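Take a walk through this protein chain, one region at a time. Keep the sequence and the 3D view side by side.

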Amino acid sequence: MKEFNQFINGKFVKSTSTETIEVVNPCTEEVLALIPKGSATDAENALQAAQASQHAWKSLTAIERAGFLNKMAHIIRENRIFLAETLASEQAKVLGLAQVEIDVTADYFDYNAGWARRIEGEIIQSDRKKEHIFLHKAPIGVAVGILPWNFPFFVMARKVAPSLVTGNTCVIKPSCEAPNTVMEFAKLIAEIGLPAGVLNFVCGSGSIVGNTLTKSPITGIVSLTGSVYAGQKIMEAAAENITKVSLELGGKAPAIVCADANMDLAVEAVVSSRVIFSGQVCNCAERAYVEDSIYDEFMDKVAKKMSELKVEDAFSTNSPDMSSLVSKDQVDKVSEIVEYAKKEGAQVVVGGTRSNQFDKGYFYQPTLLTNVTQDMQIIKEEVFGPVLPVMKFSSLDEAIALANDCEYGLTSSIFSENFNKVMHACEELEFGETYVNREHFEAIQGFHAGWKKSGLGGADGKHGMEEYLQTKVIYAQYR
Ligand code: NAD
């Protein structure tokens, strides 16, 4: 069993708290590691280290800072198999998908390094003679990144890469469920000569470490990826110092399948979106609306596909479609929501219970539900499991209204071969992201941002990088 320490000011140090948290392999229930259940003092020490190193860090040229991001990408690639295995074991992500996450994370560091020579200000015409108005982009200061368990490694890069290239220093709080890969990365980058304090990792609970990091006056920006509940708590804590927040929160993505869709493509995309990483992906189809004339055919095809899925250990060499859910809490939650849906009248077409195919682990069957209505909890709330409820619609405007009738606004999708219908839906859907004739994932050069309760601000691309910059205006009068 491994034990991780906090990484503060360039060194691994013991937490000032003696409490620890167990990290469990969800497939086998084996304890893999102990991480510190860190204290408020740990969080404050990390913030002070980040603050002390920030001036020297921002004084490097952007291309010098970017060099460290390239080194991070390189070290990830050198250790790609070890990191993928660590990720697969701590969160039951099937090994192939874990490998994709590691490889995309390396690309993410290189992509952000590419911004170094492209961060631009502006010069605006003044109303005064002999004056220039400069818009100058400056780092905010100390950036805090708070991570979820579902894509813990990639989301770490989503916070670290744009904050460091723009001249901020950074404190990361990994998730308690899946911190191992991130802490292994901390060990790897301890060797690349990054100045002490520029990047710190503090493990611990959201209520103590996360809250201390958020409410500190040292913190310039807090970027959370997590639940709406955590987002609300962070907004409350950030209010104390009017600290900037960037929130990537939950979703309840609708997939609209029109009668003129390419049926096989839609079935393949919706099923794979619903079960990838056992349904624990924020932007994947959580509910489907299918035009009434093709509903029966769609359901037959989806049912066949779902019943043939391979649910196995994350390390299985049998190309599994999915594995265990991340924890007992998560499988209990999914089970409870499905049982409630059944009581409300939903009919199970496939699955509908935990999987008892293994002695250990937190497995749930791929599940297809019909006879659901718009007012049911299963259609309204994020399930975060391999459960697909499907409803009928009779006109595109009805489908759009049903899709928009939701407190979340992260992602949505539409399947249709009719360009006019697609463009109408894209115009009307109230979601930060819409996929046309495909499902997940987003591109690193795009912009991933939730609408409504799904978030504030966003990540990726130019606009994601600019989240970490403060715009300053300089009125320069000369003679
Ligand atoms: P979570 O909200 O339980 O935890 C996320 C992080 O917030 C953890 O590190 C946790 O310790 C921390 N936290 C909790 N309370 C806090 C507080 N009061 N102050 C500061 N930090 C606090 O979420 P999770 O279960 O790890 O992740 C799943 C959720 O994340 C789902 O809702 C999913 O949709 C969402 N998610 C969203 C995106 C996106 O890009 N929009 C991506 C991945 C996951």
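Predicted model: local features only at pLDDT ≥ 70, side-chain atom pairs only at ≥ 80, totals over all residues.

Is Arg354 buried or exposed, or does it fall in between, as partly exposed? Arg354 is partly exposed, because its relative accessible area is 38%.

Residues are numbered from 1 along each chain as its sequence is written, and side-chain values use heavy atoms, with hydrogens and water left out.

Stay with Arg354. It forms a salt bridge with Asp332, and the closest N and O atoms are 2.8 Å apart. The pair links distant parts of the chain, 22 residues apart: Arg354 sits in the loop between strand 15 (347-350) and strand 16 (367-370), Asp332 in helix 11 (residues 328-343). Helices (H or I, at least four residues) and strands (E, at least two) are DSSP runs, numbered from the N terminus. Asp332 counts as partly exposed, because its relative accessibility is 21%. Elsewhere, salt bridges that share partners join Lys2, Glu184 and Lys187 into one network.

Here a salt bridge is a side-chain nitrogen of Lys or Arg within 4 Å of a carboxyl oxygen of Asp or Glu. Side chains of opposite charge can pair when their charged atoms come close. By this rule the count is 22 salt bridges.

Asp103 bridges to Arg80, with the closest N and O atoms 2.9 Å apart. This pair also links distant parts of the chain: Asp103 is in helix 4 (residues 95-113) and Arg80 in helix 3 (residues 80-91), 23 residues apart. Asp103 is partly exposed at a relative accessible area of 26%. Arg80 is partly exposed at 30% relative accessibility. Glu297 forms a salt bridge with Lys301, and here the closest N and O atoms are 3.9 Å apart. Both residues lie in helix 10 (residues 295-307), four residues apart, about one turn of the helix. Glu297 is partly exposed, with a relative accessible area of 40%. Lys301 is partly exposed too, with 31%.

Now step back to the whole chain. The domain assignment gives domain 1 (2-249 + 454-477) and domain 2 (253-444). Such bounds come from an automatic or database domain assignment. The C-alpha centres of the two domains lie 31 Å apart. Across the boundary, 28 residues of domain 1 are in contact with 27 residues of domain 2. Contact means heavy atoms within 4.5 Å.

UniProt, in an unreviewed entry, places the feature "domain: Aldehyde dehydrogenase" at residues 12-474. UniProt positions follow the numbering used here, feature names are shortened, and annotations may be inferred rather than shown by experiment. Over residues 12-474 the chain is 40% helix and 21% strand.

The unreviewed UniProt entry also gives the annotation "active site" to Glu248. Glu248 lies in strand 12 (residues 244-248). It counts as buried, because its relative accessibility is 4%. Leaving out residues up to four places away in sequence, Glu248 touches several others, including Lys159, Thr225, His448 and Ser454.

Phe384 is another buried residue, at 10% relative accessibility. It is found in the loop between helix 12 (377-380) and strand 17 (387-393). Beyond residues up to four places away in sequence, its contacts include Trp149, Cys282, Glu286 and Leu325.

Finish with the backbone. A cis peptide bond joins His440 and Phe441, with omega about -5°. Phe441 lies in the loop between strand 20 (433-436) and strand 21 (451-452). Asn9 has a positive phi of about 55° although it is not a glycine. Its place is the loop between strand 2 (6-8) and strand 3 (11-13). Asn371, also not a glycine, has a positive phi of about 60°. Asn371 lies in the loop between strand 16 and helix 12, and it is partly exposed, with a relative accessible area of 43%.

Methods. Buried < 20%, exposed > 50% of the residue type's maximum accessible area, 1.4 Å probe, protein only.
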